[in-house]
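Please keep the sequence and the structure in view while reading.

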Amino acid sequence: MGSVNAKNMKAGVLATIVCGILLIVSLSGCTDNTPPVTEKVLIFACAGDADKLDPADVTDGESTARTDSIFEGLVEYKEGSAEIQPCLATSWIITPDGKNMTFTLRQGVKFHDGTDFNADAVVFSFERQYNTSHPYNQYGEWAYWGYMFSDIQKVEKIDNYTVKIVLSRPNAAIMTSLAMFTVAIVSPTNAETWKEDAFKNPVGTGPFKFVEWIKDDHITVEAFDDYWRGAPKLDKVIYRVITDPSARLLAIQAGEIHGMEYPDPASFDAIEADADLKLLTAPGMNVGYLAMNNGYGYNDTNHNGMHDQDEAWVKTPGYFEPFTNKSVRQAVNYAINKTSIVENLYKGTAIVAKNGMPPFMLGWNDAIVDYPYDPERARELLTEAGYANGFNTTFWVMPVSRPYMFDPSKIGEAIQAYLEAVNISVEIYQIDWSTYLAKTQAGEHPMCLLGWTGDNGDPDNFMNVLYGANQCTLGTAGNVAFYNNTEVQDLLSQALQTYDVDERARLYEEAQVLINEDAPFVYLAHANQNIIFTKNIQGFVLNPTARYFFYPVDMT
């Protein structure tokens with residue numbers, strides 16, 4: 001009996017093994033024919049971390065790179081252009097005087113927290129920025145409101161799906177400005193929940209909803225299944241921080257990431273030779289510059305984005321006497337070989353800048369004669385200004401790559417050498433990106449590297465934001481040279497209020513002549529946009545505003 005049972009047991013075990021093998025073979029055959037379902041997770045490497053995730057309270061591209069997936073506005077830019085089309089508003093009517101705009105809102109749209117998008121949300125998103133009595137005004141600096149939207153007098157609810165925007169004066173750029181990130185619509189319920197911490201816990205109506213933010217490492221967003229256009233093709237986007245362009249390239253070559261911004265132009269040949277990568281490039285709507293602190297700013301006490309008579313001009317924290325002298329600023333312009341910087345550091349991916357906005361924009365003044373590289377003339381001007389032996393100063397240099405300057409450290413070192421050659425001894429100073437922005441906007445620097453990418457395709461977004469006296473606001477300055485020429489500001493204000501294209505162009509051209517003479521900036525370059533993806537990423541389209549829209553993107 002015992003031997004028979006053992007034999008049967010062995011037979012049973014053998015049968016089980018055989019059946020198991022057949023089952024494995026059968027399953028593996030099914031797996032070969034039916035690929036496993038996996039998440040589509042795009043990992044995109046950025047040069048720096050976001051500052052905040054409230055679209056109305058940021059001024060930097062690293063923040064908007066993330067918020068553009070989470071939030072939307074009343075209107076948006078068409079794919080690959082700065083032309084507008086409906087978004088959260090389906091239509092609008094503008095009165096003949098241009099001062100009243102009535103918007104019909106899209107119905108059936110949900111915020112990521114499940115609440116309804118409606119007129120109350122629109123009024124909340126705008127009013128918190130301009131109404132100092134609003135309970136949520138205290139939670140932001142709202143710098144862009146002063147830059148671009150101070151002509152908005154009020155935003156009114158007509159009914160649940162109709163709002164009216166009332167302007168205090170005509171504004172030729174207002175409709176394109178309304179597609180900017182800073183007037184994206186936020187969830188009032190979420191703001192009420194988080195209050196001062198809402199910028200860490202963003203909720204919008206966009207195609208992706210916020211998941212987590214690990215500071216200086218990554219931000220994750222995931223597909224919003226109830227998105228009004230339909231869920232995006234990607235399940236998640238992870239914005240990973242890799243500050244060094246060489247490290248970003250190594251990561252994408254190793255397959256650790258699927259996309260990256262601001263590649264080093266020196267690596268373009270290797271990128272184009274790599275069959276697993278693709279390089280996207282287009283002209284950039286930007287300018288990179290060196291700004292010299294002219295010494296005086298003001299506190300915008302009533303937050304109206306304009307310098308009023310009762311707001312005194314006061315010394316900036318970074319006041320440095322030599323840079324208050326026009327001859328010294330002109331000398332700095334003569335001392336720097338911009339052509340060499342563009343050829344050797346930008347590697348042919350930029351053009352030399354002579355004005356403060358790109359040459360394809362309305363009102364760009366081609367008649368301006370740029371400062372040539374002339375160190376001898378620089379020394380003469382320094383002597384005339386009383387600085388025959390030069391002087392010592394501190395030069396603030398950005399710690400991260402930007403669309404207008406892929407390697408600020410190398411450019412800063414080149415400028416340092418050019419200035420040393422005319423007896424201006426320069427110590428380079430670097431701090432983290434968020435602090436750098438805050439302190440340069442507060443005027444703490446003697447001189448700094450910065451730049452700008454256009455938000456809306458209108459010259460006002462360069463000329464008024466960067467060079468107008470109204471933007472010398474201590475703490476929120478767009479004009480980080482604190483260049484407060486009131487004649488220039490008058491020209492820029494006139495240009496914004498006229499709808500006559502030729503007259504607008506003439507006014508901007510005239511302003512550029514005055515700015516060129518006063519020399520508060522050294523305009524360095526207008527850089528191309530460059531971005532890399534692995535070959536399996538499809539559907540990404542470069543936008544002139546250098547914003548990243550991942551909704552159409554797929555991973556094959």
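K195 sits in the loop that runs between α6 (188–194) and β8 (208–214). Helices (H or I, at least four residues) and strands (E, at least two) are DSSP runs, numbered from the N terminus. The model is a predicted one, in which local features need pLDDT of at least 70 and side-chain atom pairs count only at pLDDT 80 or more, while totals for chains, interfaces and linings use all residues. Residues are numbered from 1 along each chain as its sequence is written, and side-chain values use heavy atoms, with hydrogens and water left out.

The phi of K195 is positive, about 50 degrees, although K195 is not a glycine. Most residues other than glycine have a negative phi. K195 counts as partly exposed because its relative accessibility is 37%; buried means under 20% relative accessible area, exposed over 50%, and partly exposed in between (1.4 Å probe, protein chains only). N423, in the loop between α12 (408–420) and β18, also is not a glycine and has a positive phi of about 70 degrees. With 41% relative accessibility, N423 counts as partly exposed.

In helix α11 (residues 375–384), the residues A378, L381 and L382 are buried. They lie on the same side of α11 because they cover an arc of only 100 degrees around the axis, the arc being that of the directions from the helix axis to the C-beta atoms. Their cover includes α9 (326–335), β17 (391–396) and β18 (424–429). After α11 comes G386, with a positive phi near 95 degrees.

α9 is itself mostly covered, with eight of its ten residues buried. Among them are V328, R329, Q330 and Y334. At the start of α9, a side-chain oxygen of N325 comes to within 2.9 Å of the backbone nitrogen of S327.

S69 belongs to helix α2 (residues 61–70) and counts as buried, at 1% relative accessibility. Its side chain makes a polar contact with the side chain of Y239 at 2.7 Å. A polar contact is a pair of N or O atoms within 3.5 Å; within protein, one must be able to donate a hydrogen and the other to accept it, and residues adjacent in sequence count only if both atoms are side-chain atoms. Neighbours within four places in sequence aside, S69 is in contact (heavy atoms within 4.5 Å) with G206, P207, F208, V221, Y239 and F550.

T349 is in the loop between α10 (338–344) and β16 (350–352). T349 counts as buried because its relative accessibility is 9%. A polar atom of the T349 side chain lies 2.6 Å from the backbone oxygen of Y346. Leaving out neighbours within four places in sequence, T349 is in contact with P265, F268, A527, N528 and N530. The C-alpha atoms of T349 and Q529 are 8.5 Å apart, although 180 residues separate these two along the chain.

## The whole chain

The chain contains 16 helices and 23 strands. Of its 556 residues, 56% count as buried. Among contacts between residues at least 6 apart in sequence, 70% join residues at least 24 apart. Along the principal axes, the C-alpha atoms fill a box of roughly 120 × 60 × 40 Å.
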